[in-house]
Amino acid sequence: MRILHLLLAALLFAMPAKAEEIVLGLSQDEVAITATFEGSHILIFGAIKRDGTETIDGDLGVIITVSGPKTPITVRRKERKYGIWVNADAVEVDAAPSFYAVATSGPMEEVLKEVEDLRHSVTMSKAIRSVGAKVEGSESFTEALIRIRSDAGLYSTFIGTVDLEEDTLFRTSIDLPSNITEGNYETRIFLTRGGVVIDEYETIIPVEKVGIERWLYRMAQDNAILYGLLSLAIAIAAGWGASAAFAALRR
Amino acid sequence: MLIYLPIAEVSVNAFLLLGLGGIVGVLSGMFGVGGGFLMTPLLFFIGIPPAVAVATEANQIVASSFSGVLAHLRRKTVDIKMGLVLQAGGLMGSGLGILVFNYLKALGQVDLLVKIFYVVFLGAIGSLMFVESINTLRHSSKGRTPAKRRKHNWVHNLPFKMKFRVSGLYISVIPPLLVGMAVGVLAAIMGVGGGFIMVPAMIYLLGMPTKVVVGTSLFQIIFVTAFTTMLHATTNHTVDIALALLLLIGGVIGAQIGTRIGVKLRAEQLRILLAIMVLAVCVKLSFDLLLTPSELFVLGAAGGH
């Protein structure tokens, strides 16, 4: 009898804390940037594992975010002074991702509560951090950052593009444009019920230059003098080549 | 055909770059300018980061000027001696220019000062050149011999005279040194090669024949831009060799064509076209300052100016 109790206790202890859990799959676990890289897309799919103890309060939602490496950025605003446009105020954004995509299984207000958004920094405006902004109306600067990067295809929000089947299987496809930079792309999947996050899964998708791209990049960083001389040698050779070719044509 | 640039970290159309390089190369061969002032905004426009655009373009200009100089050397329209004197002045000038630039930067609003300076400067040079060339052209078309530009002024009474055979000048080395230096200062402050300031200066201040000016200007641009390329490559690592290669293939071919067009034109015609180009850049820059921009915000690397 005592043994049975112990076994039961061990079983309870070994059980996952969450009643509903994410199981994830990716179509590719890294992205290679080659010389002819024209962008790529990653298929993110998975399932929701249940242990039967879950309580159903509110609808199920899935939110997926993919974020490029974060770097500090200065946003400047132009202003008209004495009839000419000059750079006036500037706001330093502490960490802005080079790429950011959010995909949801339904309207944002239904799948994620504002307070949960703040806690997990899910939507674009929450993912960009700008503490210590001294200029009045600094929100307009972060808005401008989002607008400019959205126009460049780097920031995007896809509402309702995560397919959620039978409240169990989900999948979405995230497009990576051709102007993405190298780095570790942080991918997060949130499972929500009634707008409250009940499980979170994180994984990293490395985006790397390969082949000649990688070789040239490394050389420019590690052997700068050699790289500079190589650039000049190519320039001189090309200049001479064109001149010689045209001279030969004239004869 | 899209190519991913390893340093710029963007994908661009290879044929577009070949074409851009070609157009700028033609101008370079025709007028003896590097074409950086034209290429920079074009590269910004297709999405190349500014730092990479400026550095890479210097490398491309090395190629197109070298190509152009070889074509001019064959026609014996390069005054190497004059080029070297201008170069010596230019090196001193860039050193001085960097000091001035840092001083202005400490004062703040350096970009604005540079732009206003630029607009005034280009406007003045362009207009003067345009009027002068039109007058010369009108006189000669009426059948009269063109009024010879003043060949003897105070400049010719200075010491340290030197013979510049190709230019047909026997003048003191002081004026070319000063001209080279002035252009060097301006080039360092404005971040351009200075070809389109050098060319009018050689024609009007030194009295060099227009045909020789183009080749000589290209000759000294090679050294300036080669130096700039090395500087950017070693300090900022922003020279994109793939971008440069695409641009310079177009550039070297363009420079050969430009040189051929240039020698077919009369000196006055060449000067009018150059004046129009200088004025066009001036108008473009003043528009940037005066018109309401479509996007009021700009992004920049943190800490940079």
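This is a predicted model: local features need pLDDT of at least 70, side-chain atom pairs count only at pLDDT 80 or more; totals for chains, interfaces and linings use all residues.
Residues are numbered from 1 along each chain as its sequence is written, with chains lettered from A and ligands numbered from 1 in the order in which they are written.

- Helices here are DSSP runs of H or I with at least four residues, strands are E runs of at least two, and both are numbered from the N terminus.
- Ala, Val, Leu, Ile, Met, Phe, Trp, Tyr, Cys and Pro count as nonpolar, Asp, Glu, Lys and Arg as charged, and the others, Gly among them, as polar.
- B:Phe66 sits in helix α3 of chain B, and B:Phe66 is buried, with 29 other C-beta atoms within 10 Å. The cut-offs, again with C-beta atoms placed from the backbone, are 20 or more other C-beta atoms within 10 Å for buried, 12 or fewer for exposed, and anything in between for partly exposed.
- Leaving aside neighbours within four places in sequence, B:Phe66 is in contact with A:Ala235, A:Ile236, A:Gly239, A:Trp240 and B:Ile222.
- B:Phe66 and B:Ile134 are 68 residues apart along the chain, and their C-alpha atoms are separated by 31 Å.

- Chain A has seven helices and 12 strands, and 29% of its 251 residues count as buried.
- Take the contacts in chain A between residues at least 6 apart in sequence: 72% of them join residues at least 24 apart.
- Chain A divides into domain 1 (18–208) and domain 2 (210–251), with bounds from an automatic or database domain assignment.
- The C-alpha centres of domain 1 and domain 2 of chain A are 40 Å apart.
- Five residues of domain 1 of chain A are in contact with four residues of domain 2 of chain A. The domain 1 side of that contact consists of three nonpolar, one polar and one charged.
- In strand β3 (residues 40–50) of chain A you'll find A:Ile48, which counts as buried with 20 C-beta neighbours inside 10 Å.
- A:Ile48 and A:Ile22 are 26 residues apart in sequence but 4.8 Å apart in space, C-alpha to C-alpha. Not counting residues up to four places away in sequence, A:Ile48 touches A:Glu20, A:Glu21, A:Ile22, A:Thr168 and A:Leu191.

**Helix α6 of chain A**

- This 12-residue helix (residues 211–222) reaches 16 Å from its first C-alpha to its last, close to the 16 Å expected at 1.5 Å a residue. The expected span is 1.5 Å times one less than the number of residues.
- A:Glu213, A:Leu216, A:Tyr217 and A:Ala220 are the buried residues of α6(A). Looking down the axis of α6(A), these fall within an arc of 95°, so they line one face of the helix; the arc is that of the directions from the helix axis to the C-beta atoms.
- A:Gly211, A:Trp215 and A:Asp222 are exposed on the other side of α6(A).
- The cover over the buried residues of α6(A) includes β2 (31–33), β12 (196–209) and α7 (224–250) of chain A, together with β1 and α9 of chain B.

**Chain B and the nonpolar core**

- Chain B has 10 helices and five strands, and 50% of its 305 residues count as buried.
- The largest nonpolar core has 143 residues, and those with the most contacts inside it are B:Leu5, B:Val199, B:Leu243, B:Leu248 and B:Val278. Such a core is a set of buried Ala, Val, Leu, Ile, Met, Phe, Trp, Tyr and Cys residues joined through C-beta atoms within 7 Å.
- Domain 1 (18–208) and domain 2 (210–251) of chain A both give residues to this core, so it lies between them.
- Setting aside neighbours within four places in sequence, B:Leu5 is in contact with B:Val10, B:Val12, B:Asp240, B:Ala242 and B:Leu243.

Note on methods. Two residues are in contact if their C-beta atoms, placed from the backbone, lie within 7 Å.
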